[in-house]
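Please have a look at the sequence and the model first.

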Amino acid sequence: MDVVGQFYLGFIICKLDSDLFIIDQHATDEKYNFEMLLRTTHLQYQTLAIPLTLELTAINETTLIENLPVFEKNGFKFSINSNAPPTKKVSLLGKLFSKNWEFAKEDIDKLIFMLQDAPEGTVCRSSRISAMFASRACRKSIMIGTALKKSTMKQLVQHMGEMEQPWEMFENQENREKGQKLILRHWVNLHILILVNHTIHNITVYSDQIKNIHSSISIN
């Protein structure tokens, strides 16, 4: 898509063939930053003073053991005792701590559930970690009301090509409250607009001609 310009200090107008599109500059930057955080951030854990033995079902325990790198990327560190009986093999050594977020066993359970249902290769993050990333992405993104250079607008449009779903905002509580879901909207087809304008012009001309004829008849 070719960048046409900025509209109302909040939207980028782009053209693809004969179609014009409107892109929300904050939403597209936020979605890109959010997806980059999901893909690349390796969260650091803090070691617990006393390891916590987890009580898991045999299936959940197996899922966790088979996906230890995923849990470490999400800020959890485990010790595996292969000699322990089933459901008692896993101990939590460290977990993620953040200023405004506290993580617990329920986050581990949710991540296990996601891993059991997710297609192979999916980047899995617990819902609370995703919410934390969403908050970070929002704060670091270009805000509405910011004037943009054309090079910056082009970069934002290029980033859309690197997103999984560039037309739709990620779902979280803040965006539900704002009613903000779409990043990209189709605005108008220029061919149709020209055709409509041409039709309106012809109707106006014919209408004036009819009025002139009526006026001429009335005078006679």
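Predicted model: local features only at pLDDT ≥ 70, side-chain atom pairs only at ≥ 80, totals over all residues.

Let me begin with Cys14, which stands opposite Phe21 in strand S3. Residues are numbered from 1 along each chain as its sequence is written, and side-chain values use heavy atoms, with hydrogens and water left out.

Strands here are DSSP runs of E with at least two residues, numbered from the N terminus, and two of them pair if DSSP finds at least two bridges between them. Strand S2 (residues 11-16) runs antiparallel to S3 and is joined to S3 by six bridges, and in the hairpin that they form, with two residues between the strands, Asp17 takes a positive phi near 55 degrees. S3 also pairs with strand S8 (residues 184-189), again in the antiparallel sense, over five bridges, and there Asp19 has Asn189 as its bridge partner.

How enclosed is S3? Five of the six residues of S3 (residues 19-24) are buried, so the strand is largely enclosed by the rest of the structure; buried means under 20% relative accessible area, exposed over 50%, and partly exposed in between, with a 1.4 Å probe and protein chains only.

Finally, the loop between strand S1 (2-7) and S2 holds Tyr8, which has a positive phi near 60 degrees and is exposed at 70%.

Definitions and conventions
Helix = DSSP H or I, 4+ residues; strand = E, 2+ residues; numbered from the N terminus.
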